[in-house]
Amino acid sequence: MLYSSKQKIEKSYDVIVIGAGLAGMTLANKMARDGRSVLLLESHNKLGGFATWFKRKDGEHIFDVSLHGFPAGMIKTCRKYWNKEIADKIHQLKSVRYINPQFQVETDFTKEHFIKVLNQNFGVSLEVVEAFFSELANMNFYDNSQINNGELFEKYFPGRNDITRFLLEPIVYANGSNLEDPAISYGIVFSNFMSKGVYIFQGGTDQMISLMKDELLKNGVDIQLQAKVEKILIENKCTAGVVVKGYQIHCRSVVSNSNLKTTIHKMVGDHHFSSEFLDKAKKVRLNTSSCQVYMGIKKGETIPFVGDLVFTSDDIAFSTDLILSPKIGSQTFSIYYPDTRPHLEPKFAIVSSSNARYEDWKNLTAQEYEARKAFLIERSLSGIEKIIPGVRSKIDFVDAATPLTVERYTLHEQGASFGTKFEGLEVSMSMHKEINGLFHAGSVGIIMSGWLGAANYGVIQAHEVDNYLSRLDKAIR
Ligand SMILES: Cc1cc2nc3c(=O)[nH]c(=O)nc-3n(C[C@H](O)[C@H](O)[C@H](O)COP(=O)(O)OP(=O)(O)OC[C@H]3O[C@@H](n4cnc5c(N)ncnc54)[C@H](O)[C@@H]3O)c2cc1C
């Protein structure tokens, strides 16, 4: 059932899920289907977490925040852990383009086409390209390889900054990976993305989340929105429930889909963890954040097809520093044509995304903040004008989100768009070894982030929680 935000919840549950991001929702859905009683608490007034959308000008414009592209694997995950209707609405993007001072490429983002581009556009021998892909394919999550992304590219494509840009730039946008991150974080995501192209949900994020909400309710998940969990209750090293709006709700296990650090340090409290675990948790680095500019095209106006996803840059070479710089040298444009929401009146929208550092936005005066935001908007307008000449006069709504916006809406520390760096995964996965019945599911470790990574991590953790509950059931019998 859907509780109103004012209702006091008196029942107790097998599992309480804190946060309705894709990991939290997928876990809740799977566990309810498997017969567990589940309460899903979300602090926002809608489900989805980062998988979100918003309307402006009385609903005339709808903008998707993170519907830019995900791997084909999402079809299988949605079919298996959600339903066929959701899975069937996932469609492949036709055209992904790169426009930068080093090269211009259009691709369907499949491995086959990447091999062709590396060979024909960048002049790398097929032997080397195949060796590179074979190393990626053989990367194993459990291998303890110390090689980082920069070293991996240097091994196969020495001195080729253009190839590094071609291979890494989309992944920087997809999960915040940089040259210094372990190559495994890149390898897994890259292999995933490259196999069969880039996909989005046709119908828009609003329709997907609405279908997911129906499915959750159908499977018996209790949901409350505007329910911010303040505390996770721990008794005798076991989870006992949560505190929401000053009162307690009891349960046998808790899964936090909130930020990893917030979960440990704020919702549980350091004194409940071993010093060894805390040491590891303190070393976990957060991923960087994002800026976005949302541009709505006037009713009745049209724009030509110029690609679905366009990676643009004015920077003469690729570097992690430049891509994060507030100078916004690099931006990715997601262009939404009417077939993004075929059920609505034909409409176009454009969202530009750039990676950003929280520190560059945090300590500005109100005036500096507004000036930086105005600069960001202008960069996007002039950037899209180069791709679609004349588009500026067709845009009748524009606004921007910064790392502070991301932080405010998702409660992620420092507005981290993709959770934590690689080391966060071990901390997330071992939380239940510290406190019985306490689990975490959500963007961590680069590979468990993004729509597919988060949803799949929800499934993985659902198994863990179920095993824990089964052990409790057996102990009672
Ligand atoms: C700008 C941007 C663009 C992106 N683009 C893409 C893309 O194109 N493709 C892709 O695959 N991924 C993309 N991502 C990443 C992707 O959206 C996320 O990795 C994924 O949606 C995160 O899911 P999650 O389960 O970790 O939870 P989140 O989405 O982080 O959700 C966590 C939820 O928990 C709630 N919560 C937190 N604390 C509490 C509390 N105390 N009580 C109750 N509720 C709480 C929050 O309100 C939130 O709803 C993008 C991200 C950003 C920021």
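The tour goes from domains to helix pairs and then to a hairpin. Bear in mind that this is a predicted model.

**Stop 1: the domains**

Colour by domain. Domain 1 takes 2–51 + 206–285 + 418–476. Domain 2 takes 53–92 + 287–410. Domain 3 is 110–195. These bounds come from an automatic or database domain assignment.

The centres of domain 2 and domain 3, taken over C-alpha atoms, are 25 Å apart. Their contact draws 13 residues from domain 2 and 13 residues from domain 3. Which elements give two or more residues to the domain 2 side? Select helix H12 (320–324) and strand S17 (349–356) to see them. By class, this side of domain 2 holds six nonpolar and seven polar residues, with no charged ones.

**Stop 2: H4 and H5**

Select 111–120 for helix H4 and 126–137 for helix H5. Their axes lie 9 Å apart, at an angle of about 140 degrees. Why is H4 called oblique to H5? Only angles over 145 degrees count as roughly antiparallel, so this pair is oblique. The crossing of H4 and H5 is right-handed.

Show side chains at the contact. On H4, pick Lys-111, Ile-115, Leu-118 and Asn-119. On H5, pick Leu-126, Val-129 and Phe-133. This set divides into five nonpolar residues, one polar and one charged.

**Stop 3: H2 and H18**

Next, select 73–81 for helix H2 and 450–476 for helix H18. The two axes come within 10 Å and cross at roughly 35 degrees. Here H2 passes H18 in a left-handed crossing.

H2 brings Gly-73, Met-74, Thr-77 and Tyr-81 to the contact. H18 answers with Trp-451, Leu-452, Ala-455, Asn-456 and Val-459. By class, the contact of H2 with H18 has six nonpolar and three polar residues, and no charged ones.

**Stop 4**

Finally, select 229–235 for strand S11 and 238–244 for strand S12. The strands run antiparallel, joined by six bridges.

Then zoom in on the turn. Two residues lie between S11 and S12 in this hairpin.

Note on methods. Residues are numbered from 1 along each chain as its sequence is written. This is a predicted model: local features need pLDDT of at least 70, side-chain atom pairs count only at pLDDT 80 or more; totals for chains, interfaces and linings use all residues. Axes are lines fitted to C-alpha atoms, for helices over the stretch in contact, and angles run from 0 to 180 degrees between N-to-C directions. Helices (H or I, at least four residues) and strands (E, at least two) are DSSP runs, numbered from the N terminus. Angles under 35 degrees count as roughly parallel, over 145 as roughly antiparallel, 65 to 115 as roughly perpendicular and the rest as oblique. A crossing is left-handed if the near helix is turned anticlockwise from the far one by less than a right angle, and right-handed if clockwise. Two residues are in contact if their C-beta atoms, placed from the backbone, lie within 7 Å. Ala, Val, Leu, Ile, Met, Phe, Trp, Tyr, Cys and Pro count as nonpolar, Asp, Glu, Lys and Arg as charged, and the others, Gly among them, as polar. Two strands pair if DSSP finds at least two bridges between them.
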